[in-house]
Amino acid sequence: MPASPNQYTYFVNFHLQERGFIINKSTYQAGAQDTAAHAVPSHAISPRTAHQEPKPAHISGLPKSDELSPADRYRELFEAVQMSRIFPDSKTFVDCAPKIDPEEILARYRRQSSDPGFNLADFVKAYFAPPEIQASHYIADPKQNILEHIDGLWEVLIRRPEDHPSQSSLLPLPEPYVVPGGRFGEMYYWDSYFTMLGLAASGRGDLLRNMANNFAYLIDHYGHIPNGNRTYYLSRSQPPVFALMVELFEKEELHFAEHYLPQLLREYHYWMGDADALMPGEAKRHVVKLADGAVLNRYWDDRDTPRDESYLEDVETARKSSRPANEVYRELRAGAASGWDYSSRWFGDADDISSIRTTSILPIDLNAFMYKLETTIAELAKNTSDPATAQRFSDRADRRREAIDRLLWDSESGTYRDYDWGLSQPCALCAACAAPLFVGMASPRQAAAMAKALAARLLFDGGIMTTLSANGQQWDNPNGWAPLQWMAIQGLRRYGENDLANLIATRWLDTVGDHYRQHCKLVEKYDISGAAGAKGGGGGEYPLQDGFGWTNGVVRMLLTLYDGHDTHQAQARADPPVNG
């Protein structure tokens, strides 16, 4: 029988001042924040956060989401469920739909939880409906080749707003949307760009238009695009790729790019809104102002509590650290905002997640995407006869590139690297180094040097390796991920490094095709080390997921570009394995 929630009470801090405002870099050398943690019993938790995130929007005629995140809504019930592992996956409970009014559920829990014989699992089963995951839908029909399988999967991965469960954590959206699949039953920000590539290649302009409208809606109503359309994701975003989406929307003739200029400006403000108030050496939220006055960005989450969807995992990680728990939670949340959750690129010790220090890292991919955002705004402002705005954003892009060249370009190794501004040193090489090529920020000399480094250090049997650290994290060796392959391939092609681009594409398609033939599905990530043949990736906080949105998208587009590749003819087995 699950124990009383009081046995699992963990002290967390919701009594926050505005975090991340670092007055002097020396106070940040070990990743320390500017305030100390204050321990409060879980039943006294306040749902307010330091930087108050926006409230869930309501769309007339559609089911309402809960106004609070699951942790804020269910409080000690939430903590008891997550800490006692009622569900094997921490994300399951936060995606459950309440069967009656959430306030009444909490009230009944408070009345019943101290009764003799109270069973927490039975209580949850009585009052919550778990999310439905139909894994069999991701298994291919052996009559289909891989292209037909991907084109058919879009319907499996569509979610319709009218089908949302009422009073759940799911945020309403005005149009149907495509989810990654498996445990991920909501729309994710940066995933969706790579998924959209496949929608375009599949001729699904209808879904592409729906997705465009949904992302514009999110920016209009929340001021940013949340990590995903869940209440517990409102406090953070993900890599800002809306400018890349806008480019795709115009290419697919959905709208002229100028149509989205207001949303691009709002997203820019979300990422840069605190910059003008900073003095050299200071940082606040997403912005770091360096000693020389240069401004760059970091990943950030406005809360410093355990993630709702990974509560137990975060509590256990914080317990391994000597730092105050709230500092570790902030860093874990910022790591989740990066999309690379988790990777040695965020760790002080590559083998220890409790050493995570995401907010002290200036990531090369994030700042490349911000450069793309600035240059896109400059171009669109020029097209709309606003030369002052065009010049202002062009200047900002130039200043960002200059700062990146000073701090995030390692001329000795010929590579872009993340930069640890707390320790004033570059970080280890990772596949994010291709992002500057992808957005066109690199010089020809830098691109040529990067091509050599990618070929020599990160090119493996199955494509581009995520990092060179093998530590059990999913965004590390031996895993390869579809978005990283796409950015490397397209970045290299942009600079005429076609031989290497073609080699990466061929190896990646070989990997995906071979796995598809054996296991009859596409998956979230792949082991590309070559040590075990075609194999799905591993590591991280949850099992390998089938589906899978961005793998489908990148593979579908690559097969359009490489129409002679053998993977076009890949057929699924007639007897798909039970596990694969």
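1. Arg160 and Glu155 make one, with their closest N and O atoms 3.7 Å apart.

2. Before going on, some ground rules. This is a predicted model, where local features need pLDDT of at least 70, side-chain atom pairs count only at pLDDT 80 or more, and totals for chains, interfaces and linings use all residues. Residues are numbered from 1 along each chain as its sequence is written, and side-chain values use heavy atoms, with hydrogens and water left out.

3. Back to that pair: buried or exposed, or in between? Buried means under 20% relative accessible area, exposed over 50%, and partly exposed in between (1.4 Å probe, protein chains only). Arg160 has 33% relative accessibility, so it counts as partly exposed. Glu155 is at 40%, so it is partly exposed too.

4. Now look at Asp72 and Arg303, whose salt bridge has its closest N and O atoms 2.7 Å apart. The two sit 231 residues apart, with Asp72 in helix α1 (residues 70-83) and Arg303 in the loop between β7 (295-297) and α10 (311-319). Helices (H or I, at least four residues) and strands (E, at least two) are DSSP runs, numbered from the N terminus. Asp72 and Arg303 are both buried.

5. Asp302 pairs up with Arg285 (2.8 Å, N to O).

6. How many salt bridges does the structure hold? There are 36.

How values were computed:
A salt bridge is a side-chain nitrogen of Lys or Arg within 4 Å of a carboxyl oxygen of Asp or Glu.
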